[in-house]
Amino acid sequence: MGRVIAAGVALGLCAVLLGAPPASAASGSLQLQVSIDKRPIEDATVPIDPANQVELQVVATNSGNAPVKVRSVRLSGVALALTFFAYDTTAPFEVPARGSVSRTFVLDLGDLAGQATGLLPSSVELLDAGRGTLGEATTVADVRGSFWSVYGVFGLAMLVLTILAWVTALLALARHRLAPNRWRRGVRFLPAGFGTGLVAVISLSVLRLVPPEPAIEIPVVLGAAAIAFLLGYLTPHPAPPAVTESDATVQLPLPSTQEFTR
């Protein structure tokens, strides 16, 4: 059971540390100015209500000496290096050299309520025919989705695994079943620490307090893991229970009444 819990928490950790998609080589050839419902998204938190359509306005500027062909626009949201929603709209257009083009798109995000909720780092990208990124603008989206969305259920699952990880580690401590080696005892508490950090990051996001950006999520997760490891490292040595005199006494079976009668 403990190995299953550790594996589940480890998957969440790998998503944070290793799951970020690599940047496209073509990224940055266009500069973007993006507005959602007539609100500029730069350095702002943009509310997104899945019950209403979203008007996305993009102004693309080409500072190069050759025209750039755009095939589609993508609106996506990422948390813990996992993409929880992505909407692509195919709308080919060309941005001339040393020029700019403005386009407006109307997006129907009705199913977003079942995919995410809370604060999520989001981006608007212009893609070429090979799905490479030509330009990108980032923001924080305040998604007014359901708690039972994919993101909410993911956080709930991490909470359950984290509670189980703490319970198994503390039960092993109470029953003197931890390893005699301090480092191994610390490692036994690591999954619980990682899970605590992940739950903290997701909770702050769902409660609309802090978005799960890498500059925040990685220190929180690693900090919680370090504290849990230290707690395990400092746990007392699991000495075997002392053998009492009564335990060492061998009780002989009493003779039966038939032996006395004989």
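Ser72 has Leu127, in strand E8, as its bridge partner. That bridge belongs to a model that is predicted, where local features need pLDDT of at least 70, side-chain atom pairs count only at pLDDT 80 or more, and totals for chains, interfaces and linings use all residues. Residues are numbered from 1 along each chain as its sequence is written, and side-chain values use heavy atoms, with hydrogens and water left out.

Now widen the view to the strands. E5 covers residues 68–79 and E8 covers residues 118–127; they pair in the antiparallel sense over six bridges. Two strands pair if DSSP finds at least two bridges between them. Strands of a sheet pair through backbone hydrogen bonds, either parallel or antiparallel.

E5 and E8 sit in an open sheet of five strands, ordered E3-E9-E8-E5-E6, with mixed pairing. Strand E3 (45–48) and strand E6 (82–95) are the edges, each pairing on one side only. From one strand to the next, the twist averages 30°. Helix H2 (residues 150–174) packs on this sheet and touches E5, E6 and E8. The direction of H2 makes about 150° with that of E6. Such angles run from 0 to 180 degrees between N-to-C directions, with axes fitted to C-alpha atoms, for helices over the stretch in contact (heavy atoms within 4.5 Å).

Next, the whole chain. The protein chain has six helices and nine strands. These are DSSP runs numbered from the N terminus: helices are H or I with at least four residues, strands E with at least two. Among contacts with a separation of 6 or more, 75% join residues 24 or more positions apart.
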